[in-house]
Amino acid sequence: MANEEDDPIIQEIDVYLAKSLSEKLYMFQYPIRPASMTYDDVTHLSAKIKPKQQKVELEMAIDTLNPNYCRSKGEQIALNVDGTCTDETNTYSSKLMDRQTFCSSQAASNVSRYAAAIYRKGELHLTPLHGILQLRPSFSYLDKADAKHREREAANEAGDSSQDEAEDDIKQITVRFSRPESEQARQRRVQSYEFLQKRQAEEHWVHLHYYGLRDSRSEHERQYLLSQGHGIAENTELIKSPSEYLMMLMPPNVEEEKDKPVAPSNVLSMAQLRTLPLADQIKILMKNVKVMPFANLMSLLGSGIDSTAVLRCIQQVAMLVQGNWVVKSDVVYPKDTSSPHSGVPAEVLCRGRDFVMWKFTQDRWVVRKEVATVTKLCPEDVKDFLEHMSAARINTGWEFLLPYDEDFVKKHPDVVQRQNMLWMGIQAKLEKVYNLLKEHLTSKKQDGQSAHPLLVSGEQRVNVAKAKVKQNYGLLEKELQKQKAESKANDSPSKMDISNVRIKEEPVSDEEPMDVSAYESMNNGMVNGIHSEENSMDSLNGHLPGGCTDRVAQELKAFVMTTFKKQFVLTLSELKRLFNLHLASLPPGHTLFSGISDKMLQDMVLDTGCKQILVPFPPQIHAVSPDELKVYALWEAGDIYDQHRQVLLKIFTKNYRVRRNVIQHQLSQECGEDVNKQDVDRVIKDCCVSHAGMWYLKGTVQS
């Protein structure tokens, strides 16, 4: 009471709530300006906004006549950004840095408790703010200056820098075919940071018009900051009881929790986890941990949980391996998903992972190579399987992560027996899918062996594996011979036996037969798709059927034209290699299997508009074969770069390696001064390859 008497009320002020601009009013927080700058200095201002993001960009004029402004520095910045050229795209048209751009960022996520106030005639009028934006200088012009500087350096060093040549070199890329996107994958993509950034960039800027402080439009809009009506109906928000008013000033904590950052969808705290049903808790824990003893699982679930209920739930999402629980494969790889490494569907991944789990029920160690051989999966997928439940040991293999849990096996024999029966069913499925040998299916926990697995050294494992290989080699050989005999017996006599057909070998200019020794392993001993054990010198059965000659020529011509339109420049050996790959993809009995000689292939290349480029290789060059010295190029492709490519190919008739600046100079002389860097890069990439700072025709570079 004494304090209230010492602090008497001097004046009572009526407070009104204005709503006219409540959904449109923003407060901009500018950086500190020089004392000489006033609001009149920002009259030359352009602004633009992205309403959904509440993002603003302002362009403010700089007083270049101010004595504190460094004119020489402003001219230097403008020169660095725009260079010496003058066009409409220049950032500073006056050749002087005469304006500064400011970009906004949200100062507060919740602005409902902030308002703008205006005091007039003993009344205080409040307008709620829709947003508070902090404006900071943007230095994007420095990025533009750096880009200009890099372009000038690249132009000055064109062709002379081996580093630049390496940047223009052909880069190997990996092509993967996309699969139908699942709903879960789509939701993850939509919630990703990259997707949100892309959506924000797609929102268009809305250009605004700036009105000065003393403009009539500003005066008109400023009137909306005053409450339009002073009646009770217009200001019911301010007529509250003391308790309601206090609640508005200090809202409950529930509203504060809404502003806390939301954790990722796949991350749960232990407190959040324990609010879920018991089955969901166990599934989430096992999916994240992968391998866990039963005692650890009970400790994570907390006290008061019935172990019988936990055992009932754990068997739905995990399997018992060496007394420990390992999450099931279909939980790790749900239906309609695929491998991130190879694109293999989830069903195949589950079978491979089940095989690894089953192997650990037989032994404490697993060899990765053995798993890859049986499952036929890529090494990355096999490594993922093993990392889920084991750890790599040098010179020994992959060891199961946890020690054998004898306590659980002794306490719960009924669960162990039920799990053994499940593993017997899985073993039967694996035997059918992977055609496992009986020796592989024999359990190593027999003949009175204790439940605890016997640990052996790495050297002993290697010796045992070698002995098994020798033992099984004879069985595998017999099985292979049996399969071959059955396949021959089942062959229809009406089918064409191409094993008795041989390619007709015709001599070329220097009597070089087509060299296919490098591709025999790919074609199973076939020369251009035809077995070469017999002595026939003609095509099928000694002659070609009626009309077959034309079809062979058409097929061969189509292959040559398609290949050269993709490659433009090929050596003869590379062309033969591509032709053998093409033959390997054709079905049996195709017309091209009638036999294609070197001379036929080279004649067809010349008939399709290609020319042989006589590259002057030095005598001491070490070519792989004489075919490497025969270079063919597509002379006319029918596009706008034909003349450029012809000039480039003529250059290589004088030297087998050329610098880039020589190519660019010759193209400028032959095709005009309007040849730009993009055209030169396109032509060079079509026909050449870089090595040690020099350019060679494709296929002719010597490492």
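**Exercise 1.** In this predicted model, find how many bridges join strand 13 to strand 15 and which way the two strands run.

*Solution.* Step 1: locate strand 15 at residues 397-400. Step 2: count its bridges to strand 13; there are two. Step 3: compare directions; the two strands run antiparallel. Step 4: check one pair. Trp365 has Glu399 of strand 15 as its bridge partner.

**Exercise 2.** Describe the hairpin of strand 6 and strand 7.

*Solution.* Step 1: take strand 6 (residues 115-120) and strand 7 (residues 123-128); they run antiparallel, joined by six bridges. Step 2: look at the turn. Two residues lie between the strands. Lys121 takes a positive phi near 55°. Step 3: find a facing pair. Arg120 stands opposite Glu123 of strand 7.

**Exercise 3.** Decide how helix 2 and helix 3 are oriented to each other.

*Solution.* Step 1: read the geometry. Helix 2 (residues 71-82) packs on helix 3 (residues 140-156) at about 60°, with the axes 7 Å apart. Step 2: classify. Angles from 65 to 115 degrees count as roughly perpendicular, and those under 35 as roughly parallel. The two helices are therefore oblique. Step 3: list the contact. Helix 2 gives Ile77, Asn80, Val81 and Asp82. Helix 3 gives Tyr141, Lys144, Ala145, Lys148 and Arg152. Step 4: sort by class. The contact has four nonpolar, one polar and four charged residues.

Conventions
Residues numbered from 1 in each chain as written. Predicted model: local features only at pLDDT ≥ 70, side-chain atom pairs only at ≥ 80, totals over all residues. Heavy atoms only, no water. Axes fitted to C-alpha atoms, helices over the stretch in contact; angles between N-to-C directions. Helix = DSSP H or I, 4+ residues; strand = E, 2+ residues; numbered from the N terminus. Parallel < 35°, antiparallel > 145°, perpendicular 65-115°, else oblique. Contact = heavy atoms within 4.5 Å. Nonpolar A, V, L, I, M, F, W, Y, C, P; charged D, E, K, R; others polar. Pairing = 2+ DSSP bridges.
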